[in-house]
Amino acid sequence: MSEQQKTRIYFTGQCEGLSDLREALNEHDDLEVVGWSDHVAQASGVLAGGHLDCIVHGTRLESFPATEVAAIREQTRSPIVIVASGNATGLLEDALEADVADVLLLPQLVENVVFTIRKAAHAKRGVPTVTRAQLGRVVTVFSPKGGTGKTVTASNLAAALAKQGRKTLLLDLDLQFGDAAIVMGLEPDKTIYDLVVAPGELDIEKLAGYTAKHPSGLDVLPAPLRPEDAELVTESKITRLLEVARECYETIIVDTSPFFHGPMLATLDRTDELLIICGLDVPTLKNVRLALQTLEMLSFPASRIKFVLNRANTKVGLSKREVEAALKVAVTAEVPSDRAVPVSVNRGTPAVLADPGSDFSKSMMNLAKAIVPAETKSKQSRKRLSLART
Ligand SMILES: Nc1ncnc2c1ncn2[C@@H]1O[C@H](COP(=O)(O)OP(=O)(O)OP(=O)(O)O)[C@@H](O)[C@H]1O
Ligand SMILES: [Mg+2]
């Protein structure tokens with residue numbers, strides 16, 4: 001095999017047997033080992049600019065190394081193969097959902113590892129150009145009533161997707177009083193206001209300069225710090241922002257305010273999935289019914305709407321069946337009232353990260369599964385997106 005056809009690989013992380021594997025792969029005719037680094041952060045230069053065909057990441061963790069995978073994804077869209085030592089049953093489950101090409105448990109025959117790496121690299125190379133259908137999905141979280149759980153749902157869904165290694169943006173379009181950054185424990189120095197008033201056309205690189213990075217791998221574009229700055233975030237700015245975000249994120253989760261104002265209408269135009277948060281109270285149901293009428297007038301497709309019943313387990317004299325009958329809709333997800341939610345809000349860490357075993361977190365992980373496309377489809381589109389970026 002000629003030098004040009006060799007598969008260029010880079011090693012990150014550590015696990016039992018990784019250095020032996022590296023030596024064996026270094027000798028292999030089909031591969032070129034470009035280098036290695038135990039810590040992803042130290043490899044950022046080569047990951048971003050190395051034209052690598054595959055990243056082989058070693059982990060000793062028994063769970064999915066979400067932080068490291070997210071750090072690699074910050075630098076490159078090249079396929080990632082995870083090699084793990086020890087008991088990695090938990091890792092396997094999460095990895096199946098995540099943005100990695102494959103997982104291997106060491107020890108392995110060298111030829112098996114070479115086959116896996118070349119398969120991952122080949123799948124990336126064979127990908128054609130990006131089309132509209134393969135752009136990221138915009139999931140808008142809305143409720144026509146304040147305090148129903150929009151921000152809690154949006155932030156936990158976004159964190160759940162990022163935890164799976166998916167490239168996700170949490171966009172706070174509650175422009176006057178948004179608190180997505182606070183519930184994520186972030187103190188941003190830049191917001192959507194700074195982005196829209198900055199000179200020059202918006203593109204992927206510019207957007208990246210204004211997002212706050214959460215340790216989970218999630219990117220957050222916060223709401224303006226002052227309510228009076230909201231009016232500069234116009235409909236046309238939001239339309240362009242969503243167009244650009246769809247080119248570089250797999251999923252964009254949009255938190256909103258309880259109004260149909262101009263920015264919300266611009267968002268609806270680009271929304272693939274609208275989650276309407278309901279509660280078990282009559283005023284909220286009244287507003288949801290009015291909102292559904294407005295959405296119909298706007299010709300928003302009913303097939304894109306999903307209903308989430310928050311605090312579904314509270315005994316307040318209204319049942320899920322009665323809500324469904326009143327609204328003539330089916331509820332997609334029931335989210336329990338859970339002490340884990342206010343505790344996590346006050347700590348500034350989403351419950352899916354701080355308390356993944358809680359009933360609330362489990363319902364959010366299930367909802368995350370319901371709103372992302374089927375695994376095969378999303379994997380294909382991710383690979384196509386990766387080609388567009390490398
Ligand atoms: N399932 C739940 N269990 C317990 N508490 C919850 C739950 N959902 C929301 N809450 C609490 O309710 C409060 C309001 O939630 P949240 O801020 O998400 O609502 P919102 O719809 O975004 O409100 P606003 O319209 O003001 O932006 C939060 O402090 C949160 O802790
Ligand atoms: Mg809110």
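Buried means under 20% relative accessible area, exposed over 50%, and partly exposed in between, with a 1.4 Å probe and protein chains only. The structure is a predicted model, in which local features need pLDDT of at least 70, side-chain atom pairs count only at pLDDT 80 or more, and totals for chains, interfaces and linings use all residues. Residues are numbered from 1 along each chain as its sequence is written, chains are lettered from A and ligands numbered from 1 in the order in which they are written, and side-chain values use heavy atoms, with hydrogens and water left out.

**Exercise 1.** Locate Ser155, classify its accessibility and list its contacts.

Solution. Ser155 lies in helix H6 (residues 150-163); helices (H or I, at least four residues) and strands (E, at least two) are DSSP runs, numbered from the N terminus. Its relative accessible area is 3%, so Ser155 is buried. Leaving aside residues up to four places away in sequence, Ser155 touches Leu170, Val183, Met184 and Pro350, where contact means heavy atoms within 4.5 Å.

**Exercise 2.** Describe the packing of H10 with H11 and of H12 with H13.

Solution. Two packed helices are described by the angle between their axes and the distance between the axes. Axes are lines fitted to C-alpha atoms, for helices over the stretch in contact, and angles run from 0 to 180 degrees between N-to-C directions.

- The axes of H10 (residues 235-248) and H11 (residues 262-269) come within 8 Å and cross at roughly 30°. H10 is therefore roughly parallel to H11 (under 35 degrees; over 145 is roughly antiparallel, 65 to 115 roughly perpendicular, the rest oblique). Glu235, Ile238, Thr239 and Leu242 of H10 make the contact with Gly262, Pro263, Ala266 and Thr267 of H11.
- For H12 (residues 282-297) and H13 (residues 320-327), the axes come within 10 Å and cross at roughly 35°. Leu285, Val288, Arg289 and Leu292 of H12 meet Val323, Ala326 and Leu327 of H13.
- The crossing of H10 and H11 is right-handed, and that of H12 and H13 is right-handed. A crossing is left-handed if the near helix is turned anticlockwise from the far one by less than a right angle, and right-handed if clockwise.

**Exercise 3.** Examine the backbone at Pro107, Arg311 and Lys328.

Solution. Most residues other than glycine have a negative phi, and most peptide bonds are trans. The peptide bond from Leu106 to Pro107 is cis, with omega near 0°, and Pro107 belongs to the loop between strand S5 (102-105) and helix H5 (110-125). Arg311 has a positive phi, near 50°, in the loop between strand S12 (305-310) and H13; at 41% relative accessibility, Arg311 is partly exposed. Lys328 has a positive phi near 55°, in the loop between H13 and strand S13 (331-335). With a relative accessible area of 74%, Lys328 is exposed.
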